[in-house]
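Trainee: I have the coordinates open. Can we go through them step by step?

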Amino acid sequence: MTTLRHMRAEISRPGPDRLTTGRERLQAAIDEEASASRTASDPSPTGGTMNEVEITGHSGQDSRGLFRRRPMLGVVVAAAAAVAVTTTVVVAGNIGDRQGGSARPGSDVARTKTVSAKKVLNAAADRVREAEKGAELDVPRDDQFVYTKETVKETDRKTGKTERRTAENWDSVDRTKRGWVDEIGGTGTWVEPLGRNESTFPRPGWKALEELSTDPDELIRYLAKGPAGVGKKPDSLKDIKKQDWYMLQFTLKGLATREVAPKGLRPAAYEALAKVPGMKATSGVVDGKGRPAVGVAYDRKFSKEQMLLFDEDGYEYVGDRDIRTTLDNKKSYEQFIWVTDFAVVDKVKQRPRR
């Protein structure tokens, strides 16, 4: 995204008239290209998981939605012109067998059962809320960094060859300092701080997170003001446009899976995500360690493979699953990502003492 930001700086910024239908035109172009280049056996043209999306708002400032940082191991396109569908219709299946990934060891057919996305997400909210009781919260200062260490596991869907690597990130709490992202393993890059004419929505910093509502409906309505945060807050969830739910689910997933957040925010984000039309749960999947899990994703072409994974028994969040496809569409990988360590630290590249 830093490279894209530098590239964009060389051209003039678009005005409000050009931005009005930008998302719709982008989605139309994506759909047309995807239908021409993809085959029926290739379920996803994109890879990795969304890191940050930078959008120029009507105010003329650049805005990033608040998403959980994930290794961008392929090209990720987040199109906002989504068509929402009805929630909680679930098809149980063996994703490992169907997509050339890994089914559970010792089982010819993975267990299948019907489960609703709403039930899974609300149960995940309860798990987080219970864990927060009595827990000591490490409140970061704005001049500190949130360190995360993740395991990335990828399996070639054709050959079955599996590789693991470690990803480490140092994110500036208030985005005023340079961060460091090592997403591939040994190949890091700097993340530049926000510029004078740049802003984020929701705003960065701990205080801004504390100001977010822990009421699910109110949280959705606030975020529905738009990527730049300058739109009108809808009176009710029924007033939210179909194409806006797509970006909302990205933002809510980022809030729900943050490693460091004010108490009550993550449960509220999970409960808000349960209200998003189009969230579906799939049983019979496994997590990155091969354990039975339930996957929850937004049921749309560009996002249905990007699953949040939950423990099959208690619905505790255990990581992400996606399908990564190379740019030439010749290879695809079943990808799992899960956090192995996180902490608040004072400097970039400083690791916590354990």
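Trainee: Is Gln144 buried or exposed?

Mentor: Keep in mind that this is a predicted model. Gln144 sits in the loop between α5 (117-132) and β3 (145-156). Its relative accessibility is 8%. The cut-off for buried is under 20%, so Gln144 counts as buried.

Trainee: Which backbone nitrogen does the side chain of Gln144 reach?

Mentor: Look at the contacts beyond four places in sequence first: they include Asp171, Ser172 and Val344. The polar contact is a separate matter, with a cut-off of 3.5 Å. At 2.8 Å, the side chain of Gln144 reaches the backbone nitrogen of Arg141.

Trainee: Which strands are the edges of the nine-strand open sheet?

Mentor: Read the order: β6-β5-β4-β3-β12-β11-β10-β9-β8, with antiparallel pairing. An edge strand pairs on one side only. That gives β6 (188-191) and β8 (279-286).

Trainee: Which elements give two or more residues to the lining of the second largest pocket?

Mentor: That pocket has a volume of about 820 Å³. Its lining has 28 residues, and those closest to the centre are Val128, Arg258, Glu259, Arg266 and Phe342. The elements with two or more lining residues are α5, α9 (265-273), β11 (317-325) and β12.

Note on methods: Residues are numbered from 1 along each chain as its sequence is written. This is a predicted model: local features need pLDDT of at least 70, side-chain atom pairs count only at pLDDT 80 or more; totals for chains, interfaces and linings use all residues. Side-chain values use heavy atoms; hydrogens and water are left out. Helices (H or I, at least four residues) and strands (E, at least two) are DSSP runs, numbered from the N terminus. Buried means under 20% relative accessible area, exposed over 50%, partly exposed in between (1.4 Å probe, protein chains only). A polar contact is a pair of N or O atoms within 3.5 Å; within protein, one must be able to donate a hydrogen and the other to accept it, and residues adjacent in sequence count only if both atoms are side-chain atoms. Contact means heavy atoms within 4.5 Å. Two strands pair if DSSP finds at least two bridges between them. On a 1 Å grid over the protein atoms alone, a cavity is a set of points where a 1.4 Å probe fits but cannot get out, and a pocket is an open set with protein on both sides within 12 Å along at least five of seven lines; lining residues have an atom within 4 Å of a point. Grid points are joined across faces, edges and corners, and a volume is the space filled by probe spheres set on the points.
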